[in-house]
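Reader: I have this one open next to its sequence and would like to talk it through with you. Could you start wherever you like?

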Amino acid sequence: MKVIQHSVETLHTALISSHTDLAKHYSKYSKKERRFLEDGLRLGGPGFSPFQPITVHSDSDWIPCHPEEPQDFQSFYRAPYRKIPSTCHNTIYIQPIGSFGEVKAQTDQYVEWLTEYCQAFFLGLAVKLLPPVTVAETGCSFRVNSNSHNLQILTSDLLRFLEKRKPKDAFCIVGFTMIDLYPRDSWNFVFGQASLTRGMGVFSFARYDDNFYSRAYAGRVKKQLQLKRGDYSVFEGYYTPPISSTLLLRSCKTMTHEICHMFGMQHCQWVSCVMQGSNHLEESDRRPLHLCPICLRKLQSSIFFNIADRYKALLHWMDDGRSERSSTASQSLPHFPKPLQAFDTPRLWLRRCLDILEDDKR
Ligand SMILES: [Zn+2]
Ligand SMILES: [Zn+2]
C-alpha cells in the first residue's frame with residue numbers, strides 16, 4: 001500500500017491558489033470555514049482529523065493507471081469546460097430507467113431517497129426526479145453478455161434518449177438503471193458514460209449487487225435465450241438487486257461523483273475524497289462519501305452554499321431515516337425504512353465536522 005503524500009504547503013496552494021484574485025475570493029469564506037478547510041489539510045494530525053491521505057493499494061487502482069496532472073482549485077476555476085448553473089439552467093434532473101426492484105413501492109422510495117440525498121449534497125440547486133421509463137420506452141439496443149450471461153443495454157442509445165428528454169431548465173440530466181451497460185459491441189461492460197458538453201450521463205448500479213460476480217447471480221439468463229431486436233419483453237420482471245443499505249450508499253456515492261463531473265470537476269488526487277477515480281468496486285468502496293477541502297471549494301464556488309448548512313442537510317437526510325425506523329408501526333401504508341446501517345460512519349463524520357464548524361471557541 002502506498003500513501004499519496006503532498007506537503008501541507010502544496011495542498012494549501014491547491015486549495016487557495018497563489019493568484020491574488022482567487023485568494024481574495026477565498027477570503028469571502030467565514031473565519032471558521034477557512035480554519036476548517038485549512039486545518040483539514042493537516043492530514044492525520046492529533047485528535048480527530050476529518051480528511052485523510054489517499055492510499056493506493058495495487059497497480060490496478062485508478063491513479064497508477066491514469067497518470068494525469070491533478071486539478072487544483074485554480075485550474076478548475078479557470079477551465080474553459082467548467083460549467084456553472086445559471087438562472088435558466090439550474091435544475092439537476094434524475095431519470096430512472098427500467099425497473100428497480102420487485103416491490104414497486106420500495107423502488108419508488110429508493111429513487112426518492114437518492115434524489116433527496118442529491119438535494120442535500122448540491123444544496124441550493126433544485127434536484128428533480130423525472131417519472132421512470134421502461135427500457136422499451138428508450139428504444140435502446142440490448143444484448144446478453146457472453147461472459148456473465150446477464151442482459152445489457154447500449155449507453156449511446158440511452159444518451160440519445162436523455163438528450164431528447166432533457167428539460168429546458170436542466171443544468172444536467174442523469175439517467176440511472178439497475179441493468180448492466182455496454183458502450184459498444186467490442187466492450188465487455190461499462191459502469192457509465194457521460195458527456196460534459198451535453199450535460200448528461202447514464203450510470204448502472206447492476207454491478208453493485210453483492211452477488212453480481214457469483215455463479216448464483218439471479219440476473220443470468222438462459223444460454224439458449226434468443227433475443228429479438230425491438231422485443232423488450234425480456235426486461236419484464238427481469239432481476240434487479242435487492243435494495244440494501246450498501247446499495248443505497250454505493251448509489252449515493254456514484255450519483256454525486258458523476259454529477260460533480262458535470263460542473264467540470266476532475267478526479268481528485270489530493271486527499272481522500274468522493275471525487276477520487278476508481279477502477280473497480282473495491283476501490284470505489286474505499287472512497288469516502290464526502291468531498292475533500294479542495295473539491296468542496298470547487299463545488300461551493302459553483303453553487304454557493306454555506307458549509308455547515310450543507311453538512312446539516314446531509315445529516316438530516318441520514319437522521320431522517322433513523323426516526324422513521326421507530327415510527328413505522330403506526331402507519332397503514334406500505335412503508336420501507338431507509339436502510340442506513342452503511343451510513344453510520346458518514347453520519348458520525350458529519351457530526352464531528354459540524355462540531356468543529358460550530359465551535360465558538362475557535
Ligand atoms: Zn469519475
Ligand atoms: Zn477531492
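Predicted model: local features only at pLDDT ≥ 70, side-chain atom pairs only at ≥ 80, totals over all residues.

Reader: Okay, and which helix is His12 found in?

Author: His12 belongs to helix α1, which covers residues 8-16.

Reader: How far is His12 from Pro293, in sequence and in space?

Author: His12 and Pro293 are 281 residues apart along the sequence, while in space their C-alpha atoms are 9.7 Å apart.

Reader: Switching topic, what does the domain assignment give for the chain?

Author: The assignment gives domain 1 as 2-81 + 288-357, and domain 2 as 91-256. Taken over C-alpha atoms, the centres of domain 1 and domain 2 are separated by 26 Å.

Reader: And how many residues are in contact between domain 1 and domain 2?

Author: On the domain 1 side there are 18 residues, in contact with 21 residues of domain 2. Helix α12, residues 307-327, gives the most to that side of domain 1, with five residues. By class, the side of domain 1 that touches domain 2 has 14 nonpolar residues, one polar and three charged.

Reader: Now the sheet: what is the order of the five strands?

Author: The sheet is open, its strands run in the order β4-β3-β7-β10-β9, and the pairing is mixed. At the edges are β4 (126-129) and β9 (192-195), each of which pairs on one side only, and the twist from one strand to the next averages 15°.

Reader: In which sense do β7 and β10 pair?

Author: Strand β7 (residues 170-177) and strand β10 (residues 200-204) pair in the parallel sense, over five bridges. Phe176 stands opposite Phe203, which is in β10.

Reader: Which strands does helix α6 touch where it packs on the sheet?

Author: Helix α6 (residues 104-121) touches β3 (91-97) and β4 as it packs on the sheet, and its direction makes about 170° with that of β4. Helix α8 (residues 155-165) also packs on the sheet, where it touches β3, β7, β9 and β10, and its direction makes about 135° with that of β10.

How values were computed: Residues numbered from 1 in each chain as written. Chains lettered and ligands numbered in written order. Helix = DSSP H or I, 4+ residues; strand = E, 2+ residues; numbered from the N terminus. Domains from an automatic or database assignment. Contact = placed C-beta atoms within 7 Å. Nonpolar A, V, L, I, M, F, W, Y, C, P; charged D, E, K, R; others polar. Pairing = 2+ DSSP bridges. Axes fitted to C-alpha atoms, helices over the stretch in contact; angles between N-to-C directions.
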